[in-house]
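Q: Please take a close look at the sheet in this structure. How is it put together, and what lies around it?

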Amino acid sequence: MSVRHAVLLAGGKGTRLRPYTTSIPKPLVPIGDECAIIEIVLRQLARDDFRRVTIAIGHLGELIRAYVGSGEQWGLEVDYATEDKPLSTMGPVVALLDKLPEQFLVLNGDILTDLSFAALLEAHAASAVPLTIATYHRQVDIDFGVLTVEAGRVVGFVEKPKLDYEVSMGVYAVSRSALAGYPAGEPLGFDRLVIDLLAAGRNPASYRFDGYWLDIGRPEDYDRANSEFVRLRSHLLPGS
């Protein structure tokens with residue numbers, strides 16, 4: 001495999017995490033009063049022998065550039081791609097496609113996990129699929145009795161069921177061929193990419209993960225991350 005390259009998505013406004021993100025971008029919110037989320041992710045990438053990282057920045061992106069710099073303090077070569085307009089999840093990657101190797105990693109800059117990024121990319125490179133999605137099992141409790149209704153009649157009933165889902169972790173191993181043909185500079189969401197691949201019969205693979213994963217998207221998630229970090233610090237933060 002060529003030099004491992006990751007694209008780190010850090011251009012969002014983090015509106016769900018306000019007021020924490022009023023003056024700083026979401027990837028820079030501190031975890032455990034010690035370091036920013038993005039630093040944890042970068043240190044994990046370095047641990048997994050990634051050498052090049054491109055950070056897609058937008059909202060308050062200069063603060064991220066000032067914090068991360070060249071990445072040399074973590075043994076990384078970091079460069080930046082600035083979004084002049086929101087490009088969604090995969091739009092920034094399309095704009096970079098000519099600079100990326102045949103297989104590469106794309107991940108959100110606001111997740112806390114002990115997933116092996118190297119193992120994900122290696123599994124993808126060994127397959128013939130255009131996209132591999134890191135997935136996580138979620139169970140949702142429904143607080144109501146659920147009815148099945150057909151033609152105005154109740155034909156089934158389940159009291160407060162539990163629904164099981166496989167959800168995307170916001171970490172993807174991607175082949176360049178998955179994004180070929182999309183115009184650079186235009187928004188491209190992860191949802192559209194997956195739907196297009198399914199329609200073309202190029203089904204993505206699932207990389208099932210059962211370890212620790214938390215999407216720092218809401219204030220309650222951020223509070224949980226801080227409360228759990230002390231216990232998980234040595235596990236999540238390489239070299240600690």
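A: In this predicted model, seven strands form an open sheet, and their order across it is β5-β4-β1-β6-β11-β8-β12. The pairing between the strands is mixed. In general, the strands of a sheet are held together by backbone hydrogen bonds, and a pair may be parallel or antiparallel. The two edge positions are taken by β5, residues 77-82, and β12, residues 205-209. Each of these has a single partner strand, so one side of β5 and one side of β12 have no neighbour in the sheet. From one strand to the next, the twist averages 30°.

One pairing can be followed in detail. Strand β6 covers residues 103-108 and strand β11 covers residues 162-175; the two run antiparallel and are joined by five bridges. Within this pair, V106 has Y172 of β11 as its bridge partner.

The structure as a whole holds 13 salt bridges.

The structure has one cavity of 30 Å³ or more, and the largest cavity holds about 30 Å³ of space. Its lining is made up of H5, R52, T54, D79, L96, K99 and L100. By type, the lining of the largest cavity divides into three charged, two polar and two nonpolar residues.

Technical notes. Residues numbered from 1 in each chain as written. Predicted model: local features only at pLDDT ≥ 70, side-chain atom pairs only at ≥ 80, totals over all residues. Heavy atoms only, no water. 1 Å grid on protein atoms, 1.4 Å probe; cavity = no way out; pocket = protein on both sides within 12 Å on 5 of 7 lines; lining within 4 Å. Points joined across faces, edges and corners; volume = space filled by probe spheres on them. Nonpolar A, V, L, I, M, F, W, Y, C, P; charged D, E, K, R; others polar. Pairing = 2+ DSSP bridges. Helix = DSSP H or I, 4+ residues; strand = E, 2+ residues; numbered from the N terminus. Axes fitted to C-alpha atoms, helices over the stretch in contact; angles between N-to-C directions. Salt bridge = Lys/Arg side-chain N within 4 Å of Asp/Glu carboxyl O.
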